[in-house]
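Look at the charged side chains in the structure below. The paragraphs that follow take up the salt bridges and the places they connect.

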Amino acid sequence: MVRELLIDVYLLFYKIFFSINNLFPLKNKIIFIITFEENAIFLYKEILKQKIDVQIVFLCNTSILSTIKENCPDAKISPLNTLNIFSWLISVYNIATSKVILVDNYFAFLSTMNFKRGVTCIQLWHAAGALKKFGLQDKKNERRSKRAIKRFQKVYSKFDRIIVGSKKMEKIFNESFEIPFSKMLRTGIPRTDFFFDENLIHKTRMELKSKISELGEKKVIMYAPTFRSNELKNQKVELDIKMLYENLKDDFIILLKFHPLVQNQYEFNYSNFIYNMSDHKNINELLLVTDYLITDYSSIPFEYSLLKKPMIFFVYDYTYYKNHQGIVDSYKQIIPGPIAKNTEEVLNCILSMPIENKDVTKFSEEWNQYSTGKSSKNLATYIRNQLNNNKK
């Protein structure tokens with residue numbers, strides 16, 4: 001009850017100041033409101049490449065501020081959650097005066113904003129697919145208030161377009177956001193362009209080789225679990241690292257990549273075998289050098305499948321996660337790899353799995369249907385057309 005009251009007060013301030021700033025005229029401006037950087041960076045570079053006459057503003061999480069500044073030097077950049085009142089007021093002004101608004105997550109303050117005619121709000125979701133339930137399908141909604149659910153619906157109603165990479169993802173957004181199929185924008189996911197850029201791929205591999213000497217000498221396993229809401233500050237590593245070391249050390253190394261929301265950093269005693277790469281921002285770069293992916297309910301497989309390499313789904317807590325977090329009903333039919341419930345099963349999968357897998361190829365063709373290397377170009381062209389139309 002107290003939490004809902006605080007949220008209402010917080011949103012009231014947004015509503016008041018947005019209404020005031022909404023009196024100012026719209027500008028030829030795009031604002032990115034983001035918590036993840038990859039999609040935004042690829043799109044930003046394509047906008048510059050097409051020489052679109054537009055001002056670009058980033059409103060982003062503090063965790064990605066430095067990455068955005070490094071890759072988008074000509075843009076105006078502000079922190080998303082700030083206690084600096086002046087910075088906050090500038091951010092509200094930029095939202096109110098932008099013709100195109102791109103968001104990559106759920107932001108409660110959108111529920112308070114009535115955008116002018118001529119504004120296009122685009123949901124550029126931070127994942128290429130989904131194995132977990134989210135939005136109005138989220139299992140946690142059973143424990144939330146009706147007021148909270150109504151607020152979610154208000155936010156989703158602000159989306160004029162939703163970027164999709166496949167027809168399958170269209171259906172998920174339709175159910176999760178209650179958004180009609182007519183609002184789906186079939187450009188593909190910008191960050192997947194990375195896997196089609198041979199020059200960037202070569203450069204990335206060389207840079208990673210300079211950091212990890214075993215790359216190229218041994219096969220690489222990456223373990224990338226999704227976050228557990230009850231383990232954000234102390235996520236467990238359920239894999240028996242000692243068992244893996246004793247059986248794989250001669251031919252393999254392991255890269256550990258936690259979800260960005262997980263705060264802790266693990267240290268292991270198995271040098272030259274396991275590397276904690278959680279500080280490495282761009283997981284797609286790590287996927288390039290990965291021979292076997294071990295994951296669970298994460299969205300990583302959707303992009304990794306573009307490389308046509310094998311995956312193992314380590315779901316030791318399947319029943320619990322399904323009941324408390326929520327997993328898509330057809331999870332076991334969707335995933336393009338074997339399920340393992342313990343380290344011994346994971347080990348057996350690694351030692352017996354072929355590199356080529358027709359299921360992975362089919363999975364990629366279905367879920368990356370529109371992501372064919374031109375997603376950033378497609379989306380930038382759409383935005384340019386929207387800006388031009390709004391000049392008329």
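A salt bridge here is a side-chain nitrogen of Lys or Arg within 4 Å of a carboxyl oxygen of Asp or Glu. Side chains of opposite charge can pair when their charged atoms come close. The model is a predicted one, and it contains 9 salt bridges.

Start with Asp8 and Arg147, whose side chains form a salt bridge with an N to O distance of 2.6 Å. Asp8 belongs to helix 1 (residues 2-21) and Arg147 to helix 5 (residues 146-157), so this pair links distant parts of the chain, 139 residues apart. Asp8 is partly exposed, at a relative accessible area of 30%. Arg147 is also partly exposed, with a value of 44%.

Next comes the salt bridge between Arg191 and Glu38, where the closest N and O atoms are 4.0 Å apart. Arg191 sits in the loop between strand 7 (184-185) and helix 7 (198-211), while Glu38 is in helix 2 (residues 38-49), so the pair ties together parts 153 residues apart in sequence. Arg191 and Glu38 are both buried, which means that each has under 20% relative accessible area.

A local case is found in helix 6 (residues 167-177), where Lys171 and Glu175 are 4 residues apart and therefore separated by about one helical turn. Their salt bridge has its closest N and O atoms 2.6 Å apart. Lys171 is partly exposed, with a relative accessible area of 46%, and Glu175 counts as partly exposed at 34%.

Salt bridges with shared partners also join Glu38, Arg191 and Glu303 into one network.

Methods. Residues numbered from 1 in each chain as written. Predicted model: local features only at pLDDT ≥ 70, side-chain atom pairs only at ≥ 80, totals over all residues. Heavy atoms only, no water. Helix = DSSP H or I, 4+ residues; strand = E, 2+ residues; numbered from the N terminus. Buried < 20%, exposed > 50% of the residue type's maximum accessible area, 1.4 Å probe, protein only.
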